[in-house]
Amino acid sequence: MQDWVKTVPKAVLHDHLDGGLRVETLIELANEQNYQNLPSTSHDELKKWIQPKPDKSLAINLEAWEHTIGVMQDEDSIYRVTMEALEDLSNDGVVYAELRFAPLVHTFKGLTTSEIINSVVNGIKDGMEKYDIVAGVILCAMRQEQNSLEVVNLCIEHSDVIGFDLAGPEVGFSVLNHSEACALALENNINVTLHADWEVAEGIKEVVLDSNARRVGHGSQIINDISLNGDEISFQSSAAKYVFDNNIALEICPTSNVQCGAYSNVSDHSFGALFNAGFNVTINTDNRLMSDITMSEEVNNVVESFGLDEKDILSITRNTIKAGFVNAELKNKALEKVSTLY
Ligand SMILES: [Zn+2]
């Protein structure tokens, strides 16, 4: 990895709190809580079990979430995981981070939704101060569940929450099933970003045109709706044109996409073409633990695959922060760290 990649200010919009635990924290929390379900309590074995296999024979290990969520059922654990996420990101040169999680899956031991959300919010507040990073939290509802209205109401009730997202399986679980929740978010000025991964062709349209999302989670498949002829771009769908014309940020997660089988490797990813075409592309980790990836590694992969330089990454960092959902004051604080460079 080139040295500048590690130190250049980076920004991440799409990072799942329950997908970013340290392996040692997962083991320690399980021990403290007498949680018996981990497949191994050896660091190396557990790491190997969770993370994608080197031969890419297996995609991201979905079972791993059972355990990360399993040990995040009390306030201290949720707070610790949040603080550590900001510590790790800050140590990796990230100056702006949005973490996201689904509050309703942390209620199994009796925590109230307010206790859960406040544990993350407190971790964000303390972490921002301690690690000199600007951060915010987005609440996710799951597409396969029927409680998205409840999650939007939690966003409305907790003014420190910066946005709403729909995560979970997309095939067979359209965002259109959650139109009421998205409309309620819009009415209440809640920022909305929705996952639209590569498996559903209509995903981007449903997210930006039908649900008024301000950003797209993933969105790399938009490449199928455009054609490029030198510098000229033409649009095959009104959704792609809308995303381009309105500078809607795409929360691209290259490594996660490769591990899920959307691309055979990062150099085949549509990121490079979308960047060159002028789309507002951002670089994201998705799940640092499950994908065995850091933000610097993610940026490095993009740099090496598409020939980007430090100036390009700084420009992406600036655009990423500008697409962020935190208030103007915090956004400016993060932007100050990149404004003096180049
Ligand atoms: Zn995601």
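Modeller: Start with the contacts. Among contacts in the chain between residues at least 6 apart in sequence, 73% join residues at least 24 apart; two residues are in contact if their C-beta atoms, placed from the backbone, lie within 7 Å. This is a predicted model: local features need pLDDT of at least 70, side-chain atom pairs count only at pLDDT 80 or more, and totals for chains, interfaces and linings use all residues. Numbering runs from 1 along each chain as its sequence is written.

Now the sheet. It is open, with 4 strands in the order β1-β2-β3-β4 and parallel pairing. Strands are DSSP runs (E, at least two residues), numbered from the N terminus; two of them pair if DSSP finds at least two bridges between them. From one strand to the next, the twist averages 25°; axes are lines fitted to C-alpha atoms, and angles run from 0 to 180 degrees between N-to-C directions.

Look at β3, residues 134-142. It runs parallel to β4, and 6 bridges join the two. Met 142 stands opposite Ala 167 in β4.

Step back to the whole chain. Its secondary structure comes to 15 helices and 10 strands; helices are DSSP runs of H or I, at least four residues. The C-alpha trace spans about 60 × 45 × 45 Å along its principal axes. Of the 342 residues, 47% count as buried, with 20 or more other C-beta atoms within 10 Å of their own, C-beta atoms being placed from the backbone.

Technical notes
A residue is buried if 20 or more other C-beta atoms lie within 10 Å of its own, exposed if 12 or fewer, and partly exposed in between; C-beta atoms are placed from the backbone.
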